[in-house]
Amino acid sequence: MGIKIDPLKCTSCMACELACGYHRDDALATLSACIMAYRARELKNYFGVVLKAEEDLVIARPEGLEVKRIGAVEEAPAAQADASAKPMLLREPCDLCADQEAGPLCVRACPVDAIYLD
Amino acid sequence: MPYLASDKIAVIDLASGAIAEESLTDELLAAHVGGAGINRVLYERHADGDPLVFGCGLFTGTLVPGAACATVTGKSPLTGGLVHVPLALYAGMELKYSGFDYLVLKNKAAAPVYLWLHDGIADLNEAANIWQADVWSATRQVRAAMGDELIQTLVAGPAAVGGSALGQLMINFWASGDRFGLGRALAIKNVKLLAIRGMGLLEINDPEGFVNACLELTAQVKAGPWGGKKGLGELGAGLGQPGLADWIAPIAHRHRAGFNTPMAYNTFAMLEGDPKALKESAEETPGVLLSDPLAAVDLMKLGLGAVDACGLIRDCARLGLDVAGLIAASGAKDLAGLKAAMATASGPVPGLSGPFGAYAPAQSLGADLGQGGWGRRMALASVFGLDPIFALMTPDLSLEKLIELADLGAGLSLEAAELEALLDRLAS
């Protein structure tokens, strides 16, 4: 079982990122989140979601998912957009919010069901 | 230190360049909560410097659904009155995490400057090289100079710099909820833009209780009438403009939400290239984000086709010109007339009044707001940092629920009667 992303449902609202950041920091912040909305190509309206899973980096682009094995690749281009933030590959991987009985916070926070467990 | 806040107010004297910092006191929060409530106190405190005050709502940048907005408060060049303008998309969130909850810009800089806010630091920088730049160019230049594409900008465009009172305060590349010419008010102070980046952290009074209450509210909103609805077309159907969906459909690309806003009413109009294409466009500037729904409605009502209307909206976005204001002030009835008016239109805007402008629809679809209810709902959205369109359409965001969240999140014990009185004062 793991987090799945439907990038075409995503509206780039960042709720997943903030919820994940809370799971990591017990406060509201986004720098530790292992899921993030990439939103830097604003003029082209090109956006999606990047997830650091246990072994893979999942890049949910609108045209489809790309899964890269961590260690086999450099930082994914989509995850580099946020130049001043902590690089995605240096963050803790997703643990499915193991301490949350109701399930992963990103799934619960997503207002459009773009993120789900499967 | 207060919860859900950075605890800093920056007071920037543009004339001297001095930047002072004040604390966000518990007394200020308890009496005025946030957004327009505290903005107005700061405005009055610094009134001799004709200030523009930028402030976050209590919940801006949090997991409360719709908590996207900051508010800018100042004297409108169009009405001369004190006004409150919502700043949606990501600007409010970025300000909240920048290390400042409130900014007071007072007096006037001797030469063009821009303000750079990040990591609890406020810097004034020279802006001579971007002073005449259009909104898009100015944003791109500042982002390139800082090496960060996620910097959010609040910009005075060429319309504002050139003297038009219709100069809107723009967010990055797109229209904001400014109907009052606060872009012009910023330009009068010789400030081209605010560049904001937020990577801070907000403590919560009762973390588990607050987050669970927020997520329960999100689930409630999802199950409500707006659950799963996206885009200008869906919003139009709710606004009694069912033709809007068919009008925009041929050029509608993907729909974007503001920060943590369940209703993604911002549709991107693809003007060059296939709107159904999912891959990144090869064009640098293929379209425009329709972040001001009522402006699009106004143009549709004039009989303009969607391509012409969105092309005009894009042109106005580069100039930083309020489209709805252009239509109302010019009286033009067709595309040629509107284009001709763009260079010179400067107001006045007939019927424009009150502290809150017509960015959100005039009526809620979720509940009967009663006499004066629209203004109180706008005040409530500002005080708590909620997207005003979402707040208007979502009765689940009740006063009682927001009071409960204020306690859980910020440890604020708000009384309903006092809060109602505050909203009445702000709306009048």
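Which side chains meet in a salt bridge at 3.7 Å, N to O? They are those of Glu280(B) and Lys44(A). A salt bridge here is a side-chain nitrogen of Lys or Arg within 4 Å of a carboxyl oxygen of Asp or Glu. Side chains of opposite charge can pair when their charged atoms come close. This pair crosses between chains: Glu280(B) sits in the loop between β13 and β14 of chain B, and Lys44(A) in the loop between β2 (35-41) and β3 (46-52) of chain A. Helices (H or I, at least four residues) and strands (E, at least two) are DSSP runs, numbered from the N terminus.

The model is predicted: local features need pLDDT of at least 70, side-chain atom pairs count only at pLDDT 80 or more, and totals for chains, interfaces and linings use all residues. Residues are numbered from 1 along each chain as its sequence is written, chains are lettered from A and ligands numbered from 1 in the order in which they are written, and side-chain values use heavy atoms, with hydrogens and water left out.

The pair just described belongs to a wider interface. Chain B gives 56 residues to the contact and chain A gives 41 residues, where contact means heavy atoms within 4.5 Å. About 4,200 Å² is buried between chain B and chain A, and carbon and sulfur atoms give 58% of this area. Buried area is the accessible area (1.4 Å probe) that two parts lose on being put together, summed over both. In chain B, the residues that lose the most area to chain A are Arg254(B), Arg256(B) and Glu280(B), which together make up 17% of what that side buries.

Another salt bridge joins the side chains of Glu42(A) and Arg143(B), at 3.0 Å, N to O. The interface of chain B and chain A also has 20 residue pairs in polar contact, both residues being at pLDDT 80 or more. A polar contact is a pair of N or O atoms within 3.5 Å; within protein, one must be able to donate a hydrogen and the other to accept it, and residues adjacent in sequence count only if both atoms are side-chain atoms.

On the side of chain B that touches chain A, the elements giving two or more residues are α3 (91-97), α4 (135-146), α7 (207-222) and β12 (252-256) of chain B. The largest share, 8 residues, comes from α7(B).

Strand β12 also belongs to an open sheet of 3 strands in chain B, with the order β12-β13-β14 and antiparallel pairing. Two strands pair if DSSP finds at least two bridges between them. The edge strands β12 and β14 (287-290) of chain B each pair on one side only. Strand β13 (residues 266-270) of chain B pairs with β14(B) in the antiparallel sense over 4 bridges, and Thr267(B) stands opposite Leu290(B) in β14(B). Helix α11 (residues 306-319) of chain B packs on the sheet, touching β13 and β14 of chain B, and its direction makes about 85° with that of β14(B). Axes are lines fitted to C-alpha atoms, for helices over the stretch in contact, and angles run from 0 to 180 degrees between N-to-C directions.

Chain A has an open sheet of 4 strands in the order β2-β3-β4-β5, with antiparallel pairing. Its edge strands are β2 and β5 (64-69) of chain A, each pairing on one side only. The twist averages 20° from one strand to the next. Between β3(A) and strand β4 (residues 56-61) of chain A, which run antiparallel, there are 4 bridges. Val50(A) stands opposite Ile59(A) in β4(A).

Two backbone details remain. Most residues other than glycine have a negative phi, and most peptide bonds are trans. Asp113(A) is not a glycine, yet has a positive phi of about 55°. A cis peptide bond, with omega about 0°, joins Gly347(B) and Pro348(B).
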